[in-house]
Amino acid sequence: MIASEAQHPSQKLNSTRTLLPPALDEAVARELARWRTEGRMARLWARDAGLWTGSDEGRWLGWLDIPGRMQQNLSSLAGFRTDAQRYAHVLLLGMGGSSLGPEVLARTFGTQPGWPEFHVADTTDPTQVRAIQASLDLSQTLVILSSKSGSTLEPNALKAHFHKALVDLLGAEEAARRLVAITDPGSSLQRLAETENFQRLFLGDPEIGGRYSVLSPFGLVPAAAMGLDLGRLVGAAEAMAAACKPEVPAGENPGLLLGAVLATGLAQGRDKLTIYSGPGLDAFGGWAEQLLAESTGKIGRGIVPIDAKQVSEPSVYGADRLFVHLTLAGRPDPRAAAIQALADAGHPVVHIEVVDTYGVAQEFFRWEIATAVVGAAMGIHPFDQPDVESAKIAARKLTDAYEQEGSLPAETPFLEDEGIKLFADEANAAALKATARSATLVDTLKAHLGRTGTGDYVALLAFLPMNAATEEILEELRLAIRDATHAAVCLGFGPRFLHSTGQVYKGGANNGVFVQITCDEAEELPVPGKRYGFGIVKAAQARGDFAVLAERGRRALRVHLGPDPVAGLERLASAIGRALA
Ligand SMILES: O=P(O)(O)OC[C@H]1O[C@H](O)[C@H](O)[C@@H](O)[C@@H]1O
């Protein structure tokens, strides 16, 4: 099946090519026919909540017409755009939907000549916060605090840190001039920006949830500070929006087609969606992961997205897999032949070619439509994220306790070996003790990974500094586990993934085997105004997440490395290598 490569008056559309096994291809055709005959696309655009669960979905569809509304309003960003150009660096503080979209833009476009370098801080890891700070010249930095709710823990702690650093360096008045807020009307952040005299305040649309917000001020204010051509960016999204309208034949509607493939794949048991983002688009998978996992991963079902780097032999992938490969025109992907081999072997593959860097805005809109289509096919509410909230509550309880007591509740490992401590809730610890051949690290890891059955996935949840060294070892681990278990292996850095794939891990199907990886902090970093530091926040977030995983009956093990995450990961990799041998 080939979707449209039609031309919008002003913008060439990204192309789509689906290579599907016959059973899936036929079911997709039936799903498209259903959308056509039941007029479902018209209902989607009419914001008919009955398409999903009949609850408040109609109030969350502001993203449908945001490209057009922003196009009318771009002049409101002109003054900010000019001001931002004076800085050498722009630092955005935010989580999930408030950071992943800007990160895609920053990495897809790179630094524009004559414009600031763009940095994103979406972490509570002390080492990583320090590394971000060291990578910029704070005296030449503009800070964007981005949060729809204004109440998210991480950006607020990061604001306290970077604001204090700016005050120490430049004085209170100039520090306030370096702050820009993006938030929803009426939030605590709006009040803060007004009382503290931030340089600027931009308000979002409360009818757009975080993960659907990239084409609203949450993406466009950062894009303005990067020096991007906003008219062209929004124009690309408008072209895709036009192509996704109900009057376009179902098989040629790029959003509906992608959504129909994902939904039908899911219905046929293909719940692991691997996203290969080609050169120049490599941050896109992280954004799409959040969109799909938070939107569909609930009430015991959903798509488990995997933002993947490496392609293996077709035989290591099971019948639970679906692949999407995005490439940027003119930037060949060295993995193309290996991905084609997957299709040749009968695995479903969707190819998307993005016409140019601005074409990434088309994909934002296409994937939002596709996600709404999947939500409709599943009969779920694709605009809430109930299980993210539960982990936040569990973490907040712990940080509150720390503010009171000055320490986190004591905990005891159920095993300590080779310099690594293993923790788990009672049920998981008992299950592992019962199945491990001996009380050693290697045998316990073997027992835990041995819990992975057909159709399961393994998720590595690393509450470690995210950097090239840790990523490299974790990627190797991922490959080793995948090739040995034939299961999909997800990788997420905490707390970042908590605002993304964390939803499906806790709220989706119980088919995940979780390895949470934590470390001691070599040096704590204080959060100004709080008793706790960043390291305590990160520890509380890891514990909170683990508690919710355990409460949901997930197979989970926490592996605690020493204070050196790289040396600890190497020890863990060696032990996992022996466990899988
Ligand atoms: O923009 P904020 O209100 O700070 O929210 C940031 C993120 O927080 C939560 O984790 C939500 O699940 C995400 O969807 C959201 O994007």
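Author: Helices here are DSSP runs of H or I with at least four residues, strands are E runs of at least two, and both are numbered from the N terminus. On that count, the chain has 22 helices and 16 strands. The model is predicted.

The strand to examine is S8, residues 304-308. Is S8 enclosed or open? A residue is called buried when its relative accessible area is under 20%. Four of the five residues of S8 are buried, so the strand is largely enclosed by the rest of the structure.

Next, its partner. S8 pairs with strand S7, residues 272-277. The pairing is parallel and runs over five bridges. How does the chain get from S7 to S8? It passes through helix H13, residues 284-296. This β-α-β crossover is right-handed.

Now the wider setting. Burial extends to the chain, where 60% of the 581 residues are buried. Of the contacts between residues at least 6 apart in sequence, 79% join residues at least 24 apart. A compact globule of 581 residues would have a radius of gyration near 25 Å; the chain has 23 Å, which agrees. Along the principal axes, the C-alpha atoms fill a box of roughly 65 × 65 × 45 Å.

Last, the surface. The chain exposes about 20,200 Å². Carbon and sulfur atoms supply 51% of that area.

Note on methods:
Residues are numbered from 1 along each chain as its sequence is written. This is a predicted model: local features need pLDDT of at least 70, side-chain atom pairs count only at pLDDT 80 or more; totals for chains, interfaces and linings use all residues. Side-chain values use heavy atoms; hydrogens and water are left out. Buried means under 20% relative accessible area, exposed over 50%, partly exposed in between (1.4 Å probe, protein chains only). Two strands pair if DSSP finds at least two bridges between them. A crossover is right-handed if, with the strands pointing away from the viewer, the path from the first strand over the helix to the second runs clockwise. The radius of gyration is taken over C-alpha atoms; the globule rule is 2.2 Å times the number of residues to the power 0.38. Contact means heavy atoms within 4.5 Å. Accessible areas come from the Shrake-Rupley method with a 1.4 Å probe; for residues, only the protein chains shown count as cover.
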